[in-house]
Amino acid sequence: FRLKLMAEGELKDMEQFFDDLSDSFTGTEPEVHKTSVVGLFLRHMILAYNKLSFSQVYKLYTALQQYFQNDEKKNGIDENDMELTNTEELEGKMEKEELDVPLREEEISCSGPLSQKQAEYFLSQQASLLKNDETKALTPSSLQKELNNLLKFNPDFAEAHYLSYLNSLRVQDVFSSTHSLLHYFDRLILTGAESKSNGDEGYGRSLRYAALNLAALHCRFGHYQQAELALQEAIRIAQESNDHVCLQHCLSWLYILEQKIFDSCVLLEHSVNKSLHFGLPYLASLGIQSLVQQRAFAGKAANKLMDALKDSDLLHWKHSLSELIDISIAQKTAIWRLYGRSTMALQQAQTLLSMNSLEAVNVGVQQNNTESFAVVLCHLAELHAEQGYFAAASEILKHLKERFPPNSQHAQLWMLFDQKIQFERAMNDGRYHIADSLVAGITALNSIEGVYRKAIVLKAQNQMSEAHKLLQKLLIHCQKIKNTEMVISVLLSIAELYWRSSCHTIALPVLLQALALSREYSLQYLASETLLNLAFSQVCPISLNILHMAIEPVLAHGAVLDKGCAMFLVAKCQVASAASYTPEKKIEALESAILNLNEAKTYFAKVDCKEQLRDVLYFQARLFHTLGKTQERNKCAMLFRQLHQELPAHGVPLINAFK
């Protein structure tokens, strides 16, 4: 009855209600004792009401009327079922039971303000989902709508501004993310939240960490000059306050910024030592990971790098740093891939996928839903595609698309790998127009990879001069940024252009340069591939000796296409060597070459590489003709003709390239 009186009456009726509540504690025999459960609740409610400004009181009254009208539309008024909520920050109507179940998107949309506890629950839930399972969080537009609704009723809600900052990062919105981050620290200082917990030092702490976060934000978007200015400001304030923890974070970011200009291990080593000294295991471990990555690119031995990662793993398990354990395993996967050890990379990837997160998450939320998890899955998809298991690779990519939707922050990883796998399939199948259409997508995600693949398409289309110009420009750029792996790949492509133009003497120095680089930087697989190219450039009896040095790593860790090319090359060298043999040994050598060609044909068929299959069939037909095996020759000739009609040679001699 009292609720109906307030809702259908005027604002003074609600004021009278709270005045009457205060009278409940007076008298010799009060209606409610102050220390009882009900008494404590009523006193808390009265205190919160007295703190409200006039505008907030009016909003509370409006929310009360709306609550009464909505309830009356359903089943009438039931006072016993009504749940009074905390009005401290002026908020409205969600029953307590609703907080115990996950919020669906349509349920979160609120027509009125939420209570302080409800808002905090909503923000913590969405922040947790953004970290652990972004697919279950609200979409960026829906989440921003709800945050705007919260900020409309409470503009000084600092945590809402910070979640808005995280939400803007999901969609790479630099303006909104910067705006929200600055508002977060402004509100943190204005509300005094930092000063309450840290005394007078709280304001300075907010300022220096605001500058540090701003530097990190600019660095993420590639604004290195602005990032450096913000970082200098953070360092200055931290030095004035003698905040060693903040200074260590600044030192780590300083290394990242300096790395864009020149390689500097000194800053990083100093950062790791200082982080260990001040008891910052998380920061120390990140420093070790960065140091290992830098030394891997510098060509350090794999065993030393793995020893360093083992030391960092001890820190992770000692302090239960689940996220860094994942990063370490992903780092190992990438290092083994860099060194061409696909078997070891596959083992590390499976290790991470079979692990359970050490962090407690809600039921139904995916674990390990982080960048390292995405990196490992992408490597796994590429490894399967290289071995010809395209269906399995498609399943992995499908899982990646479900777990990391296109609007998520790690989606670019699987997008790039997906485009690269499609490109390789199109090239293997001889569909160069499709491969060319994929170049634009790859370039948008990784400009260096895109330019390299554009040159590969031009080379396959026999546009040699255009491909050579593009590769030369890419070579200069990669040498400037010290991308050694791409430099070697470009050198191998340039060498192939030379021998396709019958300039084998010019190709030889280029291949020797690639071999020297691959050995200097411990890139064993690229070294093996370079040796195979060297053997191809001078097919002769000596080439068999070169092949014995290179073929084992290729057969053990190489892609199916590379295995097929290696076996094809072995057959060519066997035929070249057989010219000086006696007739009996020559027949034996040619038959052995045919067996190797059969193995190469199996590999090429697995990845549907029709051009290489055509060359193998041509070579086999010639060998069968030499051996006088007419039936086998005719069969190979028929299959060759079918493929040759499907893939015309465009006037280019057959068997003129290693790959």
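Which residues does Lys-459 touch, not counting residues up to four places away in sequence? With contact taken as heavy atoms within 4.5 Å, Lys-459 touches Met-464, Ala-467, Ser-493, Glu-496, Leu-497 and Arg-500. Lys-459 lies in helix α23, residues 447–460, where helices (H or I, at least four residues) and strands (E, at least two) are DSSP runs numbered from the N terminus. Lys-459 has 9% relative accessibility and therefore counts as buried, on a scale where buried means under 20% relative accessible area, exposed over 50%, and partly exposed in between (1.4 Å probe, protein chains only).

This is a predicted model, in which local features need pLDDT of at least 70 and side-chain atom pairs count only at pLDDT 80 or more, while totals for chains, interfaces and linings use all residues. Residues are numbered from 1 along each chain as its sequence is written, and side-chain values use heavy atoms, with hydrogens and water left out.

The protein chain has 32 helices and zero strands, and buried residues make up 49% of its 659 residues. Among contacts between residues at least 6 apart in sequence, 60% join residues at least 24 apart. The accessible surface of the chain comes to about 33,400 Å², of which 54% belongs to carbon and sulfur atoms; accessible areas come from the Shrake-Rupley method with a 1.4 Å probe, and for residues only the protein chains shown count as cover.

In soluble globular proteins, nonpolar side chains tend to be buried together. A nonpolar core is here a set of buried Ala, Val, Leu, Ile, Met, Phe, Trp, Tyr and Cys residues joined through side-chain atoms within 4.5 Å. The largest such core has 123 residues, and those with the most contacts inside it are Leu-400, Phe-423 and Phe-604. Helix α25 (residues 484–500) gives the most to this core, with 11 residues. Leaving aside its neighbours within four places in sequence, Phe-423 is in contact with Ala-435, Leu-438, Val-439, Ile-442, Arg-453, Ile-456 and Val-457. A second, separate core of 25 residues includes Ala-158, Phe-221, Leu-231 and Ala-238.

Rings of Phe, Tyr and Trp (its six-membered ring) pair if their centres lie within 6.5 Å, and planes under 30 degrees apart count as stacked, over 60 as edge-to-face and the rest as tilted. By this rule the count comes to eight aromatic pairs. In one of them, the rings of Tyr-162 and Tyr-184 have their centres 4.9 Å apart and their planes at 55°, so the pair is tilted. Tyr-162 lies in helix α8 (residues 158–170) and Tyr-184 in helix α9 (residues 174–190), so the pair ties together parts that are 22 residues apart in sequence. Tyr-162 counts as partly exposed at 30% relative accessibility, whereas Tyr-184 counts as buried at 16%. Trp-499 and Phe-536 form another tilted pair, with 5.2 Å centre to centre and 55° between the planes. Because Trp-499 lies in helix α25 and Phe-536 in helix α27 (residues 524–537), this pair ties together parts that are 37 residues apart in sequence. Trp-499 is buried at 3% relative accessibility, and Phe-536 is buried with a relative accessible area of 9%.

Helix α8 is mostly covered, with 10 of its 13 residues buried, among them Ala-158, His-161, Tyr-165 and Arg-170. Just after α8, Gln-172 takes a positive phi of about 60°.

Two loop residues also have positive phi. Asn-242, although not a glycine, has a positive phi of about 60°; Asn-242 is found in the loop between α12 (224–241) and α13 (244–259) and is exposed, with a relative accessible area of 53%. Lys-482, also a residue other than glycine, has a positive phi near 60°; Lys-482 is found in the loop between α24 (464–481) and α25 and counts as exposed at 58% relative accessibility.

The last stop is helix α32. The buried residues of α32 are Cys-636, Phe-640 and Leu-643. Seen down the axis of α32, these buried residues fall within an arc of 65°, so they line one face of the helix, the arc being that of the directions from the helix axis to the C-beta atoms. The buried residues of α32 pack against α31 (610–627), while on the other side of α32, Gln-631, Lys-635, Arg-641 and Gln-645 are exposed.
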